[in-house]
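The structure is shown first, and the description follows.

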Amino acid sequence: MSADHAAFDPLAYQQGSVWPFDNALIVSGLRRYGENEAAVRVTAATLDAAHGFRRGRLPEFIAGTQRQPGDGPTHTPRADPLQAWSAAAVPFMVTELLGLNADGFAGRLYVRQPLLPLGVNALTLHDLQVGGGTASLRFTRLADATKTEIIKTAGQVEVIVE
């Protein structure tokens with residue numbers, strides 16, 4: 001809900017709070033429509049918020065207060081600190097940024113226009129299970145792109161980088 005709406009309350013459960021998993025779905029949609037810069041920005045803000053919570057665990061939701069430079073996220077007393085969908089938010093965002101799409105039945109792993117989160121210059125994924133095989137990949141930030149290197153594959157898997 002917009003801060004301009006009369007019912008907006010940044011501490012309310014569904015009237016102004018920010019939900020990490022909703023942000024993950026937003027990142028997926030932004031990537032689908034080619035809004036890559038916005039997808040990276042939402043992911044960066046979510047990762048930054050995670051640093052403000054114990055053990056970096058994102059709670060169910062975060063107060064929708066205006067961010068001030070140097071401030072951490074505003075904790076909300078009603079938010080469940082251990083939520084499965086919040087725990088899944090960051091891996092889903094990173095999967096979307098990397099452009100990973102597995103077709104296990106065909107034994108294919110597609111890598112489409114990979115991006116790295118802000119502050120991450122290299123990322124290696126080991127033994128990703130795809131159907132009956134595995135693939136290990138390394139992503140490296142270049143000046144204006146992200147390089148994908150296939151480190152190894154095992155079993156019946158084909159990696160297609162687009």
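The model is predicted. The account below starts with strand pairing, as the bridge partners given here can be located directly in the structure.

**Strand pairing**

In β2, the bridge partner of Leu100 is Val111. This pair belongs to a set of 4 bridges that join β1 to β2 (residues 108-111), the two strands running antiparallel. Both strands are part of an open sheet of 3 strands, in which the order is β1-β2-β6 and the pairing is mixed. β1 (100-103) and β6 (158-161) are the edge strands; each has a single partner strand, so one side of each is left without a neighbour in the sheet. From one strand to the next, the twist averages 20 degrees. In general, the strands of a sheet pair through backbone hydrogen bonds, either parallel or antiparallel.

β3 is joined to β4 (residues 133-141) by 7 bridges, and the two run antiparallel. Within this pairing, Gln129 stands opposite Thr134 in β4. The hairpin formed by β3 and β4 has 2 residues between the strands, and Gly131 in the turn has a positive phi of about 55 degrees. On the next step, 8 bridges join β4 to β5 (residues 146-154), again in an antiparallel arrangement. Here Arg141 has Thr146 in β5 as its bridge partner. The hairpin of β4 and β5 has 4 residues between its strands.

**Salt bridges**

Side chains of opposite charge can pair when their charged atoms come close. The whole structure contains 6 salt bridges, including those in the table.

| Salt bridge | N to O distance |
|---|---|
| Arg41 and Glu37 | 3.9 Å |
| Glu158 and Arg108 | 3.3 Å |
| Arg112 and Glu162 | 2.6 Å |

The pair Arg41 and Glu37 lies within helix α2; the two residues are 4 apart, which means that about one helical turn separates them. Arg41 is exposed, with a relative accessible area of 52%, and Glu37 is also exposed, at 65% relative accessibility.

The side chains of Glu158 and Arg108 meet in a salt bridge at 3.3 Å. Glu158 lies in strand β6 and Arg108 in strand β2, so this pair ties together parts that are 50 residues apart in sequence. Glu158 is partly exposed at 41% relative accessibility, and Arg108 is partly exposed at 30%.

Arg112 and Glu162 form a salt bridge through their side chains at 2.6 Å. Arg112 is in the loop between β2 and β3 (122-130), while Glu162 is in the segment after β6, so this pair likewise ties together parts 50 residues apart in sequence. The relative accessibility of Arg112 is 33%, which counts as partly exposed; Glu162, at 49%, counts as partly exposed too.

Is Glu60 buried or exposed? At 6% relative accessibility, Glu60 counts as buried, because the cut-off for a buried residue is under 20%. Glu60 is found in the loop between α2 (36-50) and α3 (84-98). The side chain of Glu60 makes a polar contact with the side chain of Tyr13, at 2.8 Å. Apart from neighbours within four places in sequence, the residues in contact with Glu60 include Tyr13, Trp19, Pro20 and Trp85. Among the other contacts of Glu60 are Arg78, Ala79, Asp80, Gln83 and Ser86.

Definitions and conventions
Residues are numbered from 1 along each chain as its sequence is written. This is a predicted model: local features need pLDDT of at least 70, side-chain atom pairs count only at pLDDT 80 or more; totals for chains, interfaces and linings use all residues. Side-chain values use heavy atoms; hydrogens and water are left out. Two strands pair if DSSP finds at least two bridges between them. Axes are lines fitted to C-alpha atoms, for helices over the stretch in contact, and angles run from 0 to 180 degrees between N-to-C directions. Buried means under 20% relative accessible area, exposed over 50%, partly exposed in between (1.4 Å probe, protein chains only). A polar contact is a pair of N or O atoms within 3.5 Å; within protein, one must be able to donate a hydrogen and the other to accept it, and residues adjacent in sequence count only if both atoms are side-chain atoms. Contact means heavy atoms within 4.5 Å. A salt bridge is a side-chain nitrogen of Lys or Arg within 4 Å of a carboxyl oxygen of Asp or Glu.
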